[in-house]
Amino acid sequence: MITKKLIAIIFCLIVLPATTLAAPQVVTETHTYVLGDNDSKNDARTMCFLEAKRKMLEKAETLVMSHTQANMGRLTKDEINSYTAALIKIENAGEEWRFNDSGSMVVVMTVKAVLDYDDIKKRLNDIQKDSTARKKIVEQQDRLAALEKMIAGLQQKLGKANVVEANQLRKDRNVAFQEIDELQTKKNNNNETD
């Protein structure tokens with residue numbers, strides 16, 4: 001006859017490790033970008049990646065919040081979202097070029113991220129203890145958001161621009177793309193050395 005104590009031990013050995021050591025989850029998101037008259041393929045690829053990444057971050061932040069909220073009561077939702085964006089690495093998982101029904105060229109890009117909730121919780125705890133890291137992350141995320149907003153504005157102007165204006169707008173957009181790449185590289189290097 002199995003006693004209650006033995007059942008409790010079996011429960012702890014089988015069920016609790018499964019809930020505390022959740023396996024990493026691969027999350028994907030897809031975005032379709034329609035090329036405009038003033039877009040090169042590289043421009044379209046970058047624009048598509050930025051939008052797919054934005055969608056991915058929204059999904060990832062929701063998943064991380066659901067896994068960390070119970071254990072991280074001291075961090076606010078906005079802080080967890082900001083830090084999550086800095087902690088996860090999003091990469092291009094594939095792209096496809098084709099023409100849509102109206103004859104415009106489109107790029108369909110899928111991005112992915114691996115969410116290791118145990119690692120993210122550990123890093124969130126570390127960030128919570130380090131005010132310099134918190135400040136650095138917030139500044140970096142604010143700058144990325146400002147650059148992405150600037151690119152969206154430039155993109156809107158580019159759709160209506162004449163040839164001369166389009167050249168300058170593309171240059172401005174490329175400078176913003178380059179700064180985003182530098183910030184992303186810096187973020188990824190920081191994550192790899194942690």
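Reader: Which residue in S3 does Trp97 stand opposite?
Author: In this predicted model, Trp97 stands opposite Val107 in S3. Residues are numbered from 1 along each chain as its sequence is written, and side-chain values use heavy atoms, with hydrogens and water left out. Local features need a pLDDT of at least 70 and side-chain atom pairs count only at pLDDT 80 or more, whereas totals for chains, interfaces and linings use all residues.

Reader: How many bridges are there between S2 and S3?
Author: S2 and S3 (residues 105–115) are joined in the antiparallel sense over eight bridges. Strands count as paired if DSSP finds at least two bridges between them.

Reader: And what is the strand order in the sheet?
Author: The order is S1-S3-S2, in an open sheet of three strands with antiparallel pairing. Strand S1 (25–34) and strand S2 (91–99) are the edge strands, each pairing on one side only. From one strand to the next, the twist averages 15°; the angles lie between N-to-C directions of axes fitted to C-alpha atoms, from 0 to 180 degrees.

Reader: How many helices are in the chain?
Author: The chain has six helices, along with three strands. Both are DSSP runs numbered from the N terminus: H or I of at least four residues for helices, E of at least two for strands. Along the sequence, the pattern reads α-β-α-α-β-β-α-α-α.

Reader: Changing topic: why is H3 described as largely enclosed?
Author: H3 is largely enclosed by the rest of the structure because eight of its eleven residues are buried, that is, under 20% relative accessible area with a 1.4 Å probe, protein chains only. The buried residues are Ile80, Asn81, Ser82, Tyr83, Thr84, Ala85, Ala86 and Leu87.

Reader: What percentage counts as buried for the chain?
Author: For the chain of 194 residues, the figure is 35%.

Reader: What volume does the largest pocket have?
Author: Its volume is about 590 Å³, taken as the space filled by probe spheres set on the grid points. A pocket is an open set of points on a 1 Å grid where a 1.4 Å probe fits, with protein on both sides within 12 Å along at least five of seven lines; lining residues have an atom within 4 Å of a point.

Reader: Which residues are closest to its centre?
Author: Of the 25 lining residues, the closest to the centre are Lys53, Leu57, Leu144, Glu148 and Gln184. Two or more lining residues come from each of helix H2 (41–68), helix H3 (77–87), helix H5 (131–158) and helix H6 (163–193).

Reader: Which element gives the largest share of that lining?
Author: H2 does, with eight residues.

Key
Buried means under 20% relative accessible area, exposed over 50%, partly exposed in between (1.4 Å probe, protein chains only).
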